[in-house]
Amino acid sequence: KVGEHSGTLGETLVTIAKHCEDGHRLKSEVVRKLAYPMLLVVMGSGVIAFLLTYVVPVFKKTYDDAHVTLPFITKLLIAVGAFAKGYGLIIIGLIVAAVFAVRQLRKKPDIAYKMDASIIKTPIIGPWLRDLAVLQLMEVLGSLMDAGYNLAEALGEAGQAVSNRAIRQSVRDLQNAVRRGERFSRELEQHGDMFPPIVSQLVIVGEQTGTLARATGHIRDHLQREIGRKTRS
């Protein structure tokens with residue numbers, strides 16, 4: 001759409017290819033980073049489930065025959081194992097139902113908004129996902145402004161590229177504020193929970209120097225470095 005508007009469709013396709021390449025590289029880094037911990041979690045959970053459902057009950061019978069009083073922790077493990085063995089299929093069914101229910105609830109915009117807002121506030125992973133969403137926004141916003149869109153128009157179009165609904169709503173609020181004549185940087189500070197502090201700082205520089213489109217490029221570079229650092233740490 002930007003390329004058609006500005007008559008630079010060839011350059012826009014090159015930009016799209018670069019963004020796709022960066023996205024695939026980042027995704028591969030995330031998968032590589034999480035593969036080993038996820039493998040440990042799956043294998044560890046399987047071993048624990050096997051011990052609780054098949055090994056611990058054998059010891060219970062032995063201790064019962066010997067009339068030995070078991071400590072509370074051991075009794076608790078035995079009870080958990082018996083519950084898991086007796087209601088394992090029900091537990092799995094409840095998990096599947098919960099996943100299905102969450103997917104259905106996310107079809108409602110207000111509930112999806114609350115979920116996405118809660119995800120952003122989650123420790124450790126929340127700021128990382130927030131940076132990814134803001135990076136999506138800035139990539140499109142900069143391209144639109146380079147193509148000749150004014151800030152209000154660019155915010156309206158760029159907001160549609162953001163997958164997180166909470167940040168998408170913040171972009172709509174920013175667009176409305178800019179149309180009212182408010183300063184973009186000041187409004188960004190009002191949405192500090194959705195945007196890293198560096199965003200408003202670089203936007204202030206862009207406003208003062210008249211190079212707001214270039215400032216979005218600096219923001220993208222900073223966010224890409226931050227996302228890469230958090231992915232590798």
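At 28% relative accessibility, Glu 207 is partly exposed, meaning it falls between buried (under 20% relative accessible area) and exposed (over 50%), using a 1.4 Å probe and protein chains only. A quick note before the views: this is a predicted model, where local features need pLDDT of at least 70 and side-chain atom pairs count only at pLDDT 80 or more, while totals for chains, interfaces and linings use all residues. Residues are numbered from 1 along each chain as its sequence is written, and side-chain values use heavy atoms, with hydrogens and water left out.

**View A. Glu 207 pairs up with Arg 183.** This is a salt bridge, with the closest N and O atoms 3.3 Å apart; the term covers a side-chain nitrogen of Lys or Arg within 4 Å of a carboxyl oxygen of Asp or Glu. The pair links distant parts of the chain, 24 residues apart: Glu 207 sits in helix α9 (residues 197-209), and Arg 183 in the loop between α7 (165-179) and α8 (184-190). Helices here are DSSP runs (H or I, at least four residues), numbered from the N terminus. Arg 183 is partly exposed too, at 39% relative accessibility.

**View B. Arg 106 reaches Asp 116.** The structure holds three salt bridges, and in this one the closest N and O atoms are 3.0 Å apart. Arg 106 lies in the loop between α3 (72-105) and α4 (109-120), while Asp 116 is in helix α4, 10 residues apart. Asp 116 is buried, with a relative accessible area of 4%, whereas Arg 106 counts as partly exposed at 28%.

**View C. Arg 130 and Asp 131 form a salt bridge.** Their closest N and O atoms are 3.4 Å apart. Are these residues buried or exposed? Both Arg 130 and Asp 131 are buried.

**View D. Helix α7 and its ends.** With 15 residues, α7 reaches 21 Å from its first C-alpha to its last, close to the 21 Å expected at 1.5 Å a residue (that is, 1.5 Å times one less than the number of residues). Just after α7, look for Gly 181, which takes a positive phi of about 100°.

**View E. The buried residues of α7.** Among them are Ile 167, Val 171, Leu 174 and Val 178, along with Ser 170 and Gln 175. What covers the buried residues includes α4, α5 (125-146), α6 (151-159) and α8.

Methods. Helix = DSSP H or I, 4+ residues; strand = E, 2+ residues; numbered from the N terminus. Contact = heavy atoms within 4.5 Å. Polar contact = N/O pair within 3.5 Å; in protein donor to acceptor, adjacent residues only side chain to side chain.
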